[in-house]
Amino acid sequence: MAQSQPITEKQKEKAAKIHAKVLTIDTHADVPINMMKDGFDVAARHDFDQDGSQIDFPRMKEGGMDGMFFAVYMGQGRRTPEATAEAKEKALAIFDKIHKAVAANPDVAGIATTPKDAYELQKQGKRSVFFGMENGWPVGNDLANLKLYYDLGLRYITLSHSANNDICDSSTDPDGPEYNGLSPFGEKVVQEMNRLGIMVDISHVSDSTFYDVMKLTKAPAIASHSSCRALCNHPRNMTDDMIRVLAKNGGVIQINFVPSFVKEPSQQQELSMKAIRLKMRQVDLSDADKKALYQEMKDMRAKYAGDMPTVAEGVDHIEHVIKLVGVDHVGIGMDMDGGGQLVGCQDVSDIGNITAELVRRGYSEKDIEKIWGGNVMRVLAAAEKVAQSF
Ligand SMILES: [Zn+2]
């Protein structure tokens, strides 16, 4: 399904009009990783070619990106009481940083926790900043933390990251499954998230965790940043059966643009990557060694730049979901500042190209409105409604 015909001027015009009109929401932005670094101001315009950063308020505005879920991300560490307490402190510091950045720019952005907030901020020409948490590790073993994070604005939690935690199995833990799905504590976490109105995010979790969540959750779930395994065989991506079950539950899969989740890397590229990763795992690397390895990685990326997936190949994943379950269960979670990047979509200012590709394929304004934000806002509203029923 490669790009067969170029996008015409007329299609570009039509796409620009639709793009300006519909609410555009991305459900996975790793910009807080940059915000936590000294000297990074999310209100200042940055340049991808200079610092590799992909998101800030000025570029969101340029690209017509109305709102993003800023990820309170925490890579899985040790599961001791001390390490978990530290994870909570770090998570709170990220919440604080984001709240302060938005408060400092009231003319530019606002915190959003409901669909109403997002549509209101769009009307005012401001960016919506939603909160998502990537990895439930900072929940620790205390359900009360969920209410604490909810009150800070949190509206989804990705139950795990790349390794198992106290909540569930991850899809990529090198040691394999621990519970074959949700842990008994994880079941309580899902129930409490339903009670509060925090969306359950099944990106990163193992297939068995996904099916456990589907059996248990009272509210529709989301995959905040996952792609289709039928098009790119990676355990992080969702199988067709999982997508069908998620759709039946009323949920939505938000397509991830990390190249290795969009298109399987060539064998040569994979082998080179593996070799570098093995070298990086050595414990006694000097700073000079590390620098050399980063350079090697950069060179390797440049060497295989021709293998990078395009916007059309990213949109293939959106279209795959539509063919499978219809247009009501797909959206976009690009994973920018976390590796998400396509040829034609280098940073958030480029997202109009996605809309143009959808128009080229004949999707209507109504379809595009659902894909870009309508669907995920429907799921958030459903999560609220379920919470009110408790
Ligand atoms: Zn992720």
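**View 1. Helices H8 and H16 cross at roughly 95°.** In this predicted model, local features need pLDDT of at least 70, side-chain atom pairs count only at pLDDT 80 or more, and totals for chains, interfaces and linings use all residues. Residues are numbered from 1 along each chain as its sequence is written, and side-chain values use heavy atoms, with hydrogens and water left out. The axes of H8 (residues 184–196) and H16 (residues 365–388) come within 6 Å. Axes are lines fitted to C-alpha atoms, for helices over the stretch in contact, and angles run from 0 to 180 degrees between N-to-C directions. Helices (H or I, at least four residues) and strands (E, at least two) are DSSP runs, numbered from the N terminus. H8 and H16 are therefore roughly perpendicular to each other (angles of 65 to 115 degrees; under 35 is roughly parallel, over 145 roughly antiparallel, and the rest oblique). Asn 194, Arg 195 and Leu 196 of H8 meet Ala 383, Val 386 and Ala 387 of H16, where contact means heavy atoms within 4.5 Å. By class, this contact of H8 with H16 holds 4 nonpolar, 1 polar and 1 charged residues (Ala, Val, Leu, Ile, Met, Phe, Trp, Tyr, Cys and Pro count as nonpolar, Asp, Glu, Lys and Arg as charged, and the others, Gly among them, as polar).

**View 2. Phe 390 lies in the segment after H16.** Phe 390 has a relative accessible area of 53% and is therefore exposed (over 50%; buried means under 20%, and partly exposed is in between, with a 1.4 Å probe and protein chains only). Not counting residues up to four places away in sequence, Phe 390 touches Asn 194 and Arg 195. Between Phe 390 and Asp 350 there are 42 Å in space, C-alpha to C-alpha, and the two are 40 residues apart in sequence.

**View 3. Three residues coordinate the zinc ion.** The donors are Glu 134 (OE), His 204 (NE2) and His 225 (NE2), at 2.0 to 2.2 Å. Donors are N, O and S atoms within 2.8 Å of the metal (3.2 Å for Na, K and Ca); water is not among the atoms, so sites may look incomplete. Along the sequence, the spacing of the donor residues is E-x69-H-x20-H. Glu 134 in strand E4 (residues 127–134) and His 204 in the loop between strand E6 (199–201) and H9 are 70 residues apart, a pair that links distant parts of the chain. Glu 134 counts as buried because its relative accessibility is 3%. His 204 is also buried, at 7%, and has a positive phi of about 80° although it is not a glycine.

**View 4. Asp 335 has a positive phi of about 65°.** Asp 335 is not a glycine and lies in the loop between strand E9 (330–332) and helix H15 (352–360). With a relative accessible area of 6%, Asp 335 is buried.

**View 5. Helices H9 and H10 cross at roughly 20°.** The axes of H9 (residues 207–216) and H10 (residues 240–248) come within 11 Å. That angle makes H9 roughly parallel to H10. The contact joins Asp 207, Phe 210, Tyr 211 and Met 214 of H9 to Asp 241, Met 242, Val 245 and Leu 246 of H10. The contact of H9 with H10 comprises 6 nonpolar, no polar and 2 charged residues.
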